[in-house]
Amino acid sequence: APAEASARYLTVVPFKNQTGDAAMEFFVEGVTEAITARLAGLRGIYVVPAKSDVGAALVLEGGVQRAGDTIRITYALRNRKRDVPLGGGVVDGTMAEIFVVQDRLAADVSRLLREELGLATEYTPREPPTGNISAYDLYLQGRGYLSRYDQERNVDLAIDLFQKALAHDSNFALAWAGLGEAYRYKYRATKQPHWVKRSITLFQKALELDNRNAAVHVALGSAYQETGEYEKALAAFEQARTLDPVSDDAWRGLGAAYEALGKPAEAEQTYRRAIELRPDYWAGYSWLGAFYHRRARYTDAVVMFQQVVELTPDNARGYTNLGGTYFSLGEYEKAIAALRRAIELRPTFGAYKNLGNVYVSLRRFGEAVAAFEQALRLGSLDYSTAGNLARAYYWSP
């Protein structure tokens, strides 16, 4: 029998650096990202970020050791909800065999998932993105730094590493794409247009070398979105969807592009098509629910967010969105129940902020104060929440 949808979500926890060398931390981050990308291609399995609020049942953990040219990756797969191990192992090799090592690990995890879920999923080895191991080593480190893009210094270090990788192999498409992504983060931090224009040029360079990579088309489309070139963004997302019909980012980007172009009917159709392709995947319902909420179709949005929490009962974000939509409908008690459940799963700024807003509407100002204070402890200096807290202080005893 097919596995329940809620059991098909897999989180890859960042692998531990077991080298004893802090300088290898970002290499290990890059290895984690590479393995995650391989597993994301498995049919019937939905790989979700470790930082997400989904509450995946399946968890993959591991560690990386490296001594000179040799590398060892240990891994363990477990069912978090049933608190049982599903298996694990050790994969050894040299840096020259890094692609084989990653493929072997992904194949082993695929086998364990087949045994656990009864799915027909099977891993297909990937073609190496470069023949130059030194370039790939530098690329992995760059990806590791870029995974922590919230610090500007990390983005600058990633740029340097990608450039060094390209010095070893100027035809390394993923390194060109990584460099383009780093420049996009520079744009987001500074809002200086030349960074995003440079990123577009680099994504185009990557596609000249390898036009089959859906993720690079998505990155190009996202850059066009940020410059307001929505028609070009639409074309890039369409190409990504053609190459990878189940790409989350392609469908989400395509829907956003239609919405930005003032084509809500096409946007809704896009999100619905994403659901048809993967009816047991929570994100499609979440995208459509958010679309409905933006258009004040709150009753329709509730139906979508209810589907999200049915498919992923531990999805804190789903309950936060559901509670916020009930608030928009004026169904305050339902809103409180959903938001409290979200906070039980994972306390977040958004959940406490929405809960405070509900309490203000009910004139329960003391409870609103407590909620807004918690929101500001968890979030940044959000002016609207600070203002709402001031109102709650004013009206509370």
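Residues are numbered from 1 along each chain as its sequence is written. Because the model is predicted, local features need pLDDT of at least 70 and side-chain atom pairs count only at pLDDT 80 or more, while totals for chains, interfaces and linings use all residues; side-chain values use heavy atoms, without hydrogens and water.

Select Tyr9, Leu10, Phe15, Phe27, Leu39, Leu60 and Ile73. These touch the most other members of the largest nonpolar core, which has 130 residues. Such a core is a set of buried Ala, Val, Leu, Ile, Met, Phe, Trp, Tyr and Cys residues joined through side-chain atoms within 4.5 Å; buried means under 20% relative accessible area, exposed over 50%, partly exposed in between (1.4 Å probe, protein chains only). Next, select helix 2 (residues 98–117), which gives the most to this core, with nine residues. Helices here are DSSP runs (H or I, at least four residues), numbered from the N terminus.

Go to helix 5 (residues 173–190). Of its 18 residues, 14 are buried, so the rest of the structure largely encloses helix 5. Just after helix 5, pick Lys191, with a positive phi of about 65°.

Finally, select helix 10 (residues 264–277). Colour Ala267, Glu268, Thr270, Tyr271, Ala274 and Ile275, which are buried. Looking down the axis of helix 10, the buried residues fall within an arc of 155°, so they line one face; the arc is that of the directions from the helix axis to the C-beta atoms. Turned away from this buried side are the exposed residues Ala265, Gln269 and Glu276.

Technical notes:
Helix = DSSP H or I, 4+ residues; strand = E, 2+ residues; numbered from the N terminus. Expected span 1.5 Å × (residues − 1).
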